[in-house]
Amino acid sequence: IGMNVSRLEGQRLGVGRYLEYLLKHWSTMLSPGEEVHAYLREPIPPESIAHLNLSSAIKFEIVPPKMQGIVWENFPMALRARKTADVLFGPAYTLPLLSRKPRKRVVATHSVNQVESGAHDFWYNYTYAKRDELCARSADAVIVPCDTAADLVAKQYGVPRKRLFSVPQGAPHSFRPLENPELLRQTRIAFLGTDAPYILFVGKLSSRRNIPNLIGGFAKAKKAKGLPHKLLLVGPNHVHLPLAEVCREHGVTADVVQTDGKFTDHEELIPLYNAADVFIQPSIFEGWSITTVEALACGTAVIASNRGGLIDVAHGHAYMLEDPSVETIADALEKVLLDDYLRQELKQLARARGKTFTWERTTGETLDVIRQVARS
């Protein structure tokens, strides 16, 4: 299996974490004679993958020269894959488009965000979206995280249903409720500077993730009800949203805390989820949400947009936002934070739902699809 793992080179968020879990679990799932050739543009520090305990069947290959991602994938990486792979797996939307070798190809398409107005700038439909469509159409199998994503790939990209496989993404078993009040108190102090209750968002900050509306809704609820809560944003502001300006505009500069979310080990997120009064995912559109699954698994009350793959993830187990506007977000925060019975009910529903998504299932079913293509 040839595999583009260049997303391991930087900060590991959605796809980077997906890759880590695939490689970790495949180490114990591969049959004799099966190998993964993991292609990189540059070496990664050994200590950054030491915790994965990878087997010798996972072989990292540095493929020079280092280039911009799409150029590297279509030229040096594609050439290496022709020589070393029976099946090529694109774990993040893309495959080489300028070469059809190896002929057996699988791609993971995690979302079709462009269907929702406002999710991206206008040029996205003519660049990344078109590239993703061509890659999906060129693959023998397309792995999607849920049935909603499968419907969109079939409708928007014209991929036949028989080539679509829904494989939900999970959470590690270690993501669970914690009964350690002192640890949770220390977590609040470490991230907020004080032992204050907080609302949590985890993920890249962007307009698609509706961060400006989230700050506005938080400010509205805080002022209307005198909430003692702070808003903790955990993730890089990679598109340079004017967070300070938005916070000043709403008068919550002292109550919004943002951190880039760089952790040595993903399990450092467990007390963060547990210490939060509520986790919120107010995205305009998501194909899936690993962080929402993790929050559910930790038994944290969840508020989520009733859109896209978030419906598959959380509907019936979270407070769903029909319209993630400032007013709707504020209303949801007020209801969940001020109603102890509702919040406890959401926590129980969350834990029950979180247990159904595991990385063993995700990685096993993904490997089965790749094997199926290899045998075809």
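In which sense do strand S1 and strand S4 pair, and over how many bridges? In this predicted model, S1 (residues 2-4) and S4 (residues 87-90) pair in the parallel sense over 2 bridges.

**View 1. The pairing of S1 with S4.** Strands of a sheet pair through backbone hydrogen bonds, either parallel or antiparallel. Between S1 and S4 the pairing is parallel. Met3 has Phe89 of S4 as its bridge partner.

**View 2. The open sheet of 7 strands.** The strand order is S3-S2-S1-S4-S5-S6-S7, and the pairing is parallel. Strand S3 (58-62) and strand S7 (164-166) are the edge strands, each pairing on one side only. From one strand to the next, the twist averages 25°.

**View 3. Helix H1 on the sheet.** Helix H1, residues 14-29, lies across S1, strand S2 (36-40), S3, S4 and strand S5 (104-108). The helix runs at about 155° to S1.

**View 4. The buried residues of helix H3.** Helix H3 spans residues 76-84, and its buried residues are Pro76, Met77, Ala78 and Ala81. An α-helix has 3.6 residues a turn, so residues three or four places apart point the same way. Among the elements that cover the buried residues of H3 are S1, S2, helix H2 (69-74) and S4.

**View 5. The surroundings of Phe218.** Phe218 belongs to helix H7, which comprises residues 211-225. With a relative accessible area of 1%, Phe218 falls under the 20% cut-off and is therefore buried. Beyond its neighbours within four places in sequence, Phe218 is in contact with Ile199, His229, Lys230, Leu231, Val252, Asp255, Val256 and Leu333. His250 is 32 residues from Phe218 in sequence, and the two C-alpha atoms are 9.2 Å apart in space.

**View 6. Cysteines and the disulfide count.** With a disulfide taken as a pair of cysteine sulfur atoms within 2.5 Å, the count comes to 0 disulfides. Cys146 is in no disulfide, and the nearest cysteine sulfur, which belongs to Cys135, is 20 Å away. The relative accessible area of Cys146 is 4%, so this residue counts as buried. Cys247 is also buried, at 5% relative accessibility.

Terms used:
Residues are numbered from 1 along each chain as its sequence is written. This is a predicted model: local features need pLDDT of at least 70, side-chain atom pairs count only at pLDDT 80 or more; totals for chains, interfaces and linings use all residues. Side-chain values use heavy atoms; hydrogens and water are left out. Buried means under 20% relative accessible area, exposed over 50%, partly exposed in between (1.4 Å probe, protein chains only). Two strands pair if DSSP finds at least two bridges between them. Helices (H or I, at least four residues) and strands (E, at least two) are DSSP runs, numbered from the N terminus. Axes are lines fitted to C-alpha atoms, for helices over the stretch in contact, and angles run from 0 to 180 degrees between N-to-C directions. Contact means heavy atoms within 4.5 Å.
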